Amino acid sequence: RICNMHPRVNILQPGPGVGGHCISVDPWFLVGDYPNIAKVIEESMRTNDSQPAFVLNRIHEIMEENGMKDISRVGLYGLTYKENVDDVRESPTLQLLECIDGRMKCYDPFFEDRRIVENQIMNFDDFLNDIDMVVIMVKHDHIKKNWAKLEGKAILDCHNVCPLESVYHI
């Protein structure tokens with residue numbers, strides 16, 4: 001609760017990892033300078049850094065459970081490091097894409113005018129038409145206004161925000 005008292009950050013929530021320019025990077029300086037007294041920080045950072053791979057493993061589990069074979073039919077919703085911004089610094093989504101050579105489709109409403117990754121789809125409806133499974137990596141307000149469009153898709157909700165039934169969680 002104390003960590004979440006910061007006015008702009010609510011970090012102790014489920015998710016695919018914490019990105020951005022400070023929380024995901026700066027604590028490593030403490031670990032480097034004070035390795036003997038920063039053990040908890042180091043373990044926290046290692047856990048955060050492993051989240052994209054954890055999410056990828058969860059995607060494979062859900063694909064197997066649903067008889068899906070083609071990872072290119074999986075769509076990652078959200079490229080930014082947090083909701084409702086256009087900042088991709090240390091983005092967990094981009095880190096996940098590095099693990100699989102970018103074979104999944106991606107969409108982010110904050111980047112409809114410019115492509116930042118190879119398999120990025122620029123229109124939300126086109127994105128949904130090209131996938132069988134959507135992974136909610138970022139909880140943009142946009143997705144919250146479009147729940148009905150996700151009906152019939154396998155959904156992995158990395159933030160526990162989707163109100164639809166039969167949603168998978170990390």
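User: Which side chain has a polar atom 3.2 Å from the backbone oxygen of Arg-114?
Analyst: That is the side chain of Gln-120. Keep in mind that this is a predicted model.

User: What else does the side chain of Gln-120 reach at 3.0 Å?
Analyst: The backbone oxygen of Phe-111.

User: Where is Gln-120 found?
Analyst: In the loop between β2 and α4.

User: Is Gln-120 buried or exposed?
Analyst: Buried. Its relative accessibility is 2%, and the cut-off for buried is under 20%.

User: Which residues is Gln-120 in contact with, leaving aside neighbours within four places in sequence?
Analyst: Leu-79, Cys-106, Phe-111, Arg-114 and Arg-115.

User: OK, back to the loop. Where does Asn-119 lie?
Analyst: Asn-119 also sits between β2 and α4. Strand β2 covers 105-107, and helix α4 covers 124-129.

User: How far is Asn-119 from Lys-105 in space?
Analyst: 5.0 Å, C-alpha to C-alpha. In sequence they are 14 residues apart.

User: New topic: rings. How many aromatic pairs does the search find?
Analyst: Five, over the whole structure. One of them is Tyr-77 with Tyr-107. That pair is tilted, with 40 degrees between the planes and 6.0 Å centre to centre.

User: Which parts of the chain does that pair link?
Analyst: Distant ones: Tyr-77 is in strand β1, residues 74-77, and Tyr-107 is in strand β2. They are 30 residues apart.

User: Are Tyr-77 and Tyr-107 buried or exposed?
Analyst: Both are buried. For Tyr-77, the relative accessible area is 0%.

User: What kind of pair do Tyr-77 and Phe-124 form?
Analyst: An edge-to-face pair. The planes are 80 degrees apart, and the centres are 6.0 Å apart. Tyr-77 lies in strand β1 and Phe-124 in helix α4, so the pair ties together parts 47 residues apart in sequence.

User: Is Phe-124 buried or exposed?
Analyst: Buried, because its relative accessibility is 5%.

User: Which residues do the ring pairs link into a cluster?
Analyst: Tyr-77, Tyr-107, Phe-124 and Phe-127.

User: Let's zoom out. What does the secondary structure come to?
Analyst: Five helices and five strands. From the N terminus, the order is α-α-β-α-β-α-β-α-β-β.

User: What share of the protein chain is buried?
Analyst: Buried residues make up 43% of the 170 residues.

User: And the accessible surface, what does that come to?
Analyst: About 9,600 Å². Carbon and sulfur atoms account for 49% of that surface.

User: Last one. Of the contacts with a separation of 6 or more, what share comes from residues 24 or more positions apart?
Analyst: That share is 53%.

Terms used:
Residues numbered from 1 in each chain as written. Predicted model: local features only at pLDDT ≥ 70, side-chain atom pairs only at ≥ 80, totals over all residues. Heavy atoms only, no water. Helix = DSSP H or I, 4+ residues; strand = E, 2+ residues; numbered from the N terminus. Buried < 20%, exposed > 50% of the residue type's maximum accessible area, 1.4 Å probe, protein only. Contact = heavy atoms within 4.5 Å. Areas by Shrake-Rupley, 256 points an atom, 1.4 Å probe, with all protein chains shown as cover. Phe/Tyr/Trp six-rings, centres within 6.5 Å; stacked < 30°, edge-to-face > 60°. Polar contact = N/O pair within 3.5 Å; in protein donor to acceptor, adjacent residues only side chain to side chain.
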